[in-house]
Structure formats: C-alpha cells, structure tokens
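Have the model open and follow along.

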Amino acid sequence: SLNPDAIARQEAIYELVATELAYLRDLELIDAVFGQPLLSAPHIMPYEQAQEFLRNLFYNYNELIANSRALYARLRERQSEAPVVSGVGDIFDEWANSLEAFVEYAVHVPAAQCALESQLLNNRAMADFLATAESAPGARRLPVQSFLGRAATRLARYPLLLDAIHRRTMASSEGDMLQSASKKVRHALAEIDRRTGENAAELRMRQINQRLRLVPGARESLALDSSARRLIKEGLFTAGDGVQVLVFLFDNALVMAVEEKVPYAKNVTRYIADARIIPVSMLDVAVPVNEAGTLTGIREALGLLGPSQNTTSRNALLRHSSSTASVKPTRANSPLSFIHIGCRALCRTLLASSDSERDSWLAVVRRHICVPQTLVEAYTELRLLSDRDFSQARGPQCTAPFTAGSGCRMLLFGNREGLHLGIYGVPTSVVRISHCGSVSKIHVLRRYNIAIVLSDQTLLVFPLTAIENATANIGSVGLAGTKIASSVAFFDVGMYLGLPLIVLMKPRNGKSHFKCIQPQFTNADGTTTTGSDYSYDSSESTSEYK
C-alpha cells in the first residue's frame, strides 16, 4: 500500500541501520584481530609497549564502540515498533549533540598512521604479524589502515545517509530534525578539517624524517626531528634517465631522494636520499637555456654571487657535472638546475612537470634566500652609507666596517668595479681605492693591520694603513694588494691557538680542496715574532685538506 517515494524512504532508513551494524562489527574486530593477538606476542614487542602502541594507534575506539552500540540499539528498537518506520530524525538529532569522541579520534588518525608506519619501517616482525592478522576471515583481507580510518569515514558518510532520508520525507518536524542532525555532523567534520590542517605540517615533517634513509652523519646535521625545523617546499621531478626524484627544501638544506616500496610491508614506502645534500647557505637554482647558453641563477640575479660563481664559471660547473649530461632541455619538459655554489659534484639538473611548477620553485627559493624585509627592519639599523648612484649590476656585494688608527669609523665595500672606502655616516666620502676587479668578500683583521679581499677568484691582502691613506694618495689605478692565492671559490677567517686562521676553498677535479693559512709577523732580521708589521709568506708549502 506504500507509494514509490515511501518505499524509497524505508529503503534509505534500512540502509542507514544496516551500515551502522557493519560499522559496529568492524570496530569490534579491532580488538579481536589486532589487539589481543599483539598483546599475546612478546616476540614482537613487550606487553607494556604493545599496550601503549595500541592506545596510540586506535586511541579512544572503545568510546566509539559504546557510542555505536547505543545508537544501533535505539535504531533497532524503532524498527521493532512497526513494520513501517515512522522516522529516525529525533534519534540522530539527539545523537549528534555528542560527537566529541568522533572528532578526537579523527584528528588523531594522521598521527596514528605515522606511528604505525614507523613500526613497519623498523620492525619487520610487526609487518609479518599484521600480514597474518589481515588474512583472518573476519578482517576480509583489509589492511590495518582501513580499520584505522573506519570511524572517520563513517562520520563523513552520515550526512549523505541522512540527506537521502530527508529528500524522501514530507515537510514536517521529522524533516527538520534530519536537517539539524546533518548540520551538526557537518560542523564536526569542519572542526576535524581545521584541527587536522593545523597539525599537517608537523606530521609531514615527522613522516619525512622517519621515511628518509640518509648517508651516515647527515641525519644529525639536518636535525629533522627538531621542533624548529620547517619544510619549505616539496615536489616531484624527473631525472634524465626517467627516474622520479622527490625534492625537499627544508629551512636548512635541500634533499633529493627516490621513493622505494618496502618489500616486506604493504602500502609502506621509504625515501632513499641522494648523497648530494645542499645547505641552504650554498643553494642556488637556475634555468639552463641550453648547454652552451647562459645560466642565470637566483643568487646572481639578486647580486648575491661573487665572481667565483659568475655566469661563465657556473655554466662550466654544470656542463662538467655528470648528473646533467643526459638532461637536454626540450619544449616538452621544464629543466631546473639545483646548484651547490661551492662544489660541482653536488649540482643536479632535473625536469619539472611544467613551467609553472618550475617558476614556483624559483619563487620559493628566491624568498628563502632573501631575508624578508620586515625581519631586516626589525633587527638592523638602516643608515645611508653612500650617495653614489650604483646601478643594479654594480651595487655593493659585500661590506666590512672597521675603526681606523685615528679612531674614525670607516667602511670598506666591494662591487664589480673594485674596492671602495668611505667614512661611516658620511655618504659623500665614498671613493674607489682599488680597481682590483669584482669583489665578493672582505674580512678585516684590525689587530694585524690587514684587510683580506676575494676578487675575481684571487685572494688579496691590503695593509689597513695603506687603505686609510688611500683617499689622500689615490692614483689612477689605486691600490694593488698582495696576492695570496688564486682560483679561490670562497674563504672565511677564524681563530686557532690565538692567531687568525684563513681557510680558503679551491674546487678541483670535482672536489673541494681546503687550504689553511696563517699570517706571520717578521722582524727586520727575518725572524718570526709577534709584532706590528705584517708580511705574508707566499710559498705554496701549506697543507691542503680535501
């Protein structure tokens, strides 16, 4: 005697009740299939550890079981009242007022999945145990991940089931209650999405850290488990041989890896990291036009590169890198070169999926290399140092403040035109004192009366007294400086046993060679003592370390 719409409404109610029973049985299987067998298997993990693991994995699933049992009991009671169910809106409207257990469980699911994956990556016995448990008849050969996410997927399905009943219900209080219940569930789902999104970055860092297989010593250097570490960007590229390469840009380094399935664990992968890990301080990216063309990277465009990493040498650096030999830019791909500005062996060119993806990487690296202006303003004092109009190509590349013998604060800075000197706070005082070439780094040792300058891959030393007098005695060429070394990519200065130690790096045959040198003080008779006059022993007898 029921019309087709009424029959469809009864079928929708029946589907809601039947699927609730199936969901409840799946929850009850968790303890029977996974919980109790694991607690009885000390060879996999001790009892106390297994209890903690199960609590972390399935969290408050016992609350969900109690919730579902109560709901199913009320639905069955309503079905037993008459052959035609009058409605279930009141039941669900009341039930939807207490969804906190669902929300807490669903928010915890990503962390539980991460904990499970960690066990499978490091405990083969656990993988074997789960394979056996999943083959049990009650588990229907479903992986444990399906049971783990069962409650979250069930909650997301309630609005669909309730809406299906509401569409076939005439306007009445029953329809209003069905709509109210559906709205409450959707509100809970939105809360889950919000809280899950807040934790997504932290969980992704944790997942990457446990999946990565790194060369010895790299994990300690990367410190991916630090709360301060951040993942800036990740993406999938293609190598010249067709292999898919994952690229992770952290706030301290760039890591490239290949994804690999774990043979003994279902649906688990690990990342085999390339030995070429590039610190952010040495990272650059560039778009190679072609093998013989120009290569302009982010650092060069921003004026952050010295002459030792100019366009010509950087193209040569990539052309002689074995990782780029098989990558030829074509219209069908978007090549991007990841460059270690101090070592050619660490450079690699990969193919992005599109030009837009490549441009996105260029933009992110540019933002990461350039400190945001807000931070600059917060931590620095802005002073006008020179009123000269420097073009972008000739702007300052490095600076070094020092105090002259007269007590006056002076400032050295270098650009592509040479070495410049000025009085700090007097913009009109800046003059060029040396035409030594493009200067990329300056270090002043006031106590030893020297300024060390890296110019066009040549390491030079200038006496500070000569620099201070240069503005009065400047010639057409300016100061020449004393040559210490050539073919130098970069240098730095520290202290060793109370004396300054100059460490310079020379790229040679695909390797980085480091040379350590110290200044010497010589008396008039040639003996070496501590004194005020500086001289440099230019012999090449110093030790080299790869």
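Two residues count as being in contact when they have heavy atoms within 4.5 Å of each other. With that in hand, look at the contacts between residues at least 6 apart in sequence: 56% of them join residues at least 24 apart. Keep in mind that you're looking at a predicted model. The protein chain holds 16 helices and 21 strands, and buried residues account for 46% of its 546 residues.

Now to the helices. Two packed helices are described by the angle between their axes and the distance between the axes. Start with α1, which spans residues 4-39, and find where it packs on α6, residues 124-134. The angle here is about 135° and the axes sit 10 Å apart. Angles over 145 degrees would count as roughly antiparallel and those from 65 to 115 as roughly perpendicular, so α1 and α6 come out as oblique to each other. Which residues make the contact? On α1 they are Val-33, Phe-34, Pro-37 and Leu-38, and on α6 they are Met-126, Phe-129, Leu-130, Ala-133 and Glu-134. Sorted by class, that's 8 nonpolar residues, 1 charged and no polar ones. As for handedness, α1 passes α6 in a right-handed crossing.

From α2, the contact draws on Gln-49, Phe-53, Asn-56, Leu-57 and Phe-58, while α5 brings in Tyr-105, His-108, Ala-112, Ala-115, Leu-116 and Gln-119. The class count for this contact of α2 with α5 is 7 nonpolar, 4 polar and no charged residues.

Finally, jump along the chain to some strands. β18 (residues 490-496) runs antiparallel to β19 (residues 499-508), and 7 bridges join the two. To get your bearings, find Phe-490, whose bridge partner in β19 is Met-505. The hairpin of β18 and β19 has 2 residues between the strands, and in it Leu-497 takes a positive phi near 55°.

Carry on from β19 into β20, residues 511-517: these strands run antiparallel too, with 7 bridges joining them. Here Val-503 stands opposite Cys-516 in β20. β19 and β20 form a hairpin with 2 residues between them, and Asn-509 in the turn has a positive phi of about 55°.

Terms used:
Residues numbered from 1 in each chain as written. Predicted model: local features only at pLDDT ≥ 70, side-chain atom pairs only at ≥ 80, totals over all residues. Heavy atoms only, no water. Axes fitted to C-alpha atoms, helices over the stretch in contact; angles between N-to-C directions. Helix = DSSP H or I, 4+ residues; strand = E, 2+ residues; numbered from the N terminus. Parallel < 35°, antiparallel > 145°, perpendicular 65-115°, else oblique. Left-handed = near helix turned anticlockwise from the far one by under 90°. Nonpolar A, V, L, I, M, F, W, Y, C, P; charged D, E, K, R; others polar. Pairing = 2+ DSSP bridges. Buried < 20%, exposed > 50% of the residue type's maximum accessible area, 1.4 Å probe, protein only.
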